[in-house]
Amino acid sequence: MRYLFLLAALLPAAAQDVRKITILHSNDLHARLLPDSNQLGGFAHLATAVRNERKGCTGCLYVHAGDLVQGTPVSTLFKGTPVYHVANKLKFDAHTLGNHEFDYAYTQIPVFLKAAKFPVVSANIVDERGKLMAPRPYLIKKVNGVRVAILGAAMTDLVQGFLTPRTAGPYRALPVVETMAKYAKEARGKADLVVVLGHIHQKEGSQIIQDVPEVNVVVEGHNHAGRKELEQVDGRVAVGCQGYGRDLCKLELEVDRKQKKLVSWKWTRIPIEAKRIAAAKDVQKQVDKWEKKVAEMVDVKIGESRREFNQAEFRPLIEKAMLEEMKADFTHMNSGGVRDRLPRGEIRARHIWNIMPFDNRMMTAKVKGAAIPAALRKDKRVEAEREYTIALPDYVATNESQVKSLGIVGIRFAETDIYLRDVIIEWVKKQKVLQ
Ligand SMILES: [Zn+2]
């Protein structure tokens, strides 16, 4: 006892001001209320894990780095709001807006903000007058005596890379690194630790810890694989968890309050195995209530699959479905739009909803063969003067970077009322068996 006391007295003053905190984090839960087919994830199981961690923890925070909605029928059918209601049970200390929060158009985000009983931070999504979309750019929360500033961020190419004019409305993202630098400087005066909660590209997360010395920690979302290892630059760290709640990530820190620096860090993942971690009853009750509402609509058999198709294998089938159902000559499905694999066995409409959760509608254009770009033509032969039909999901036909990469700038597409998801469902029904 006496020895310990002496040791403490000999340490420099600053070292005595070291406190422990823990940042629990998730990202890209994507409305996966239930565990997946490998029995991983599920909001009720995740809730149990979070509650267990909080119990034994001094200075615990739990944050979510964006893309809470979109990915299952419950989200699509009810425009995301139920997911915010169930997420209230997870009691995030902060959540930031991801690109998919815009999927039901920018007009739905105020509805989310109203439903959320947790704070939402976002510092770089602004309208044409520079007004923030979120109620606040950052918040400061004191845990175990450490004042932690949490800044919300979205990727710089939010609009160009992921949204369409209809979904983005007047909103755009300011350059993420510069904007974080600005707010981090401001927040650092009032906080001992600055955390960026970013729905951003990993390279942007790396750049923030390299270029912005005022930021101590970056907690990322968007990349569903997450980071394999924590990245560290001069005592500043970046982490990112797997999507869909398949694990809960835990960043244990020692913070020097005087120096406003990290003394140590340890990053671990807790797998959310539904068989091992019991569902929290109160959360499961809400999950069941919503899932029951959608079951009648989507748990109907539409066909059978003799094998499993992963996303890359299912993509050509979507293209085939678009060509045949839309009676078109050319089409293209963006690989990022295929959101789930198709398991072997009975195909239910639900599977197609999981593969295609977006309410993307078909658009068509009639063009002369000479005007069809190589990216659409692939190895098909065309007659220069003949007229052909192109059918594309509206996302592909109107998102800036998709339009550029396909080379369809200037081609005018007409809207239809036909949902891509229904195109796939109808096509699967006609095939009866996929192999
Ligand atoms: Zn995302």
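Analyst: Two residues are in contact if their C-beta atoms, placed from the backbone, lie within 7 Å. By that criterion, 13 residues of domain 1 are in contact with 14 residues of domain 2. The model is a predicted one, and the division into domain 1 (12-290) and domain 2 (300-434) comes from an automatic or database domain assignment.

User: Which elements supply the side of domain 1 that touches domain 2, and what is its make-up by class?

Analyst: At least two residues each come from α3 (73-77) and α6 (158-162), and α3 gives the most, with 3 residues. By class, this side of domain 1 has 3 nonpolar, 9 polar and 1 charged residues. The centres of the two domains, taken over C-alpha atoms, are separated by 33 Å.

User: What makes α2 roughly antiparallel to α10?

Analyst: The axes of helix α2 (residues 43-55) and helix α10 (residues 281-298) cross at roughly 160° and come within 8 Å. Angles over 145 degrees count as roughly antiparallel, and therefore α2 is described as roughly antiparallel to α10. The crossing of these two helices is right-handed.

User: Which residues make that contact, and how do they divide by class?

Analyst: Phe43, Ala44 and Ala47 of α2 meet Val283, Gln284 and Val287 of α10. The contact of α2 with α10 has 5 nonpolar residues, 1 polar residue and no charged ones.

User: What makes α11 roughly perpendicular to α16?

Analyst: Helix α11 (residues 311-325) packs with α16 at an angle of about 90°, their axes being 9 Å apart. Angles of 65 to 115 degrees count as roughly perpendicular, and so α11 is given that description relative to α16. The contact is formed by Ile318, Ala321, Met322, Glu324 and Glu325 of α11 together with Val423, Ile424, Glu426 and Trp427 of α16. By class it has 6 nonpolar, no polar and 3 charged residues.

User: How do you know that β14 pairs with both β16 and β20?

Analyst: Pairing requires at least two bridges between the strands. Strand β14 (residues 301-305) is joined to strand β16 (residues 345-348) by 4 bridges, the two running antiparallel, while β14 and strand β20 (residues 433-434) pair in the parallel sense over 2 bridges; both pairs therefore meet the requirement of at least two. Ser305 takes part on each side, standing opposite Gly345 in β16 and having Leu434 as its bridge partner in β20. Gly303, in turn, has Ile347 of β16 as its bridge partner.

User: Why are β16 and β20 regarded as edges?

Analyst: The 3 strands form an open sheet in the order β16-β14-β20, with mixed pairing. Each of β16 and β20 has a single partner strand, so one side of each is left without a neighbour in the sheet. Helix α16 lies across β14, β16 and β20, running at about 60° to β14.

User: And what makes β15 and β19 the edges of the sheet they belong to?

Analyst: Here 4 strands form an open sheet in the order β15-β18-β17-β19, again with mixed pairing. β15 (330-331) and β19 (414-419) each have a single partner strand, so one side of each lacks a neighbour in the sheet. Between strand β17 (residues 361-368) and strand β18 (residues 387-393), which run antiparallel, there are 7 bridges; in one of the pairs, Lys366 has Thr389 of β18 as its bridge partner. Helix α16 (residues 420-431) packs on this sheet as well, touching β17, β18 and β19, and its direction makes about 50° with that of β19.

Technical notes. Residues numbered from 1 in each chain as written. Predicted model: local features only at pLDDT ≥ 70, side-chain atom pairs only at ≥ 80, totals over all residues. Axes fitted to C-alpha atoms, helices over the stretch in contact; angles between N-to-C directions. Nonpolar A, V, L, I, M, F, W, Y, C, P; charged D, E, K, R; others polar. Parallel < 35°, antiparallel > 145°, perpendicular 65-115°, else oblique. Left-handed = near helix turned anticlockwise from the far one by under 90°.
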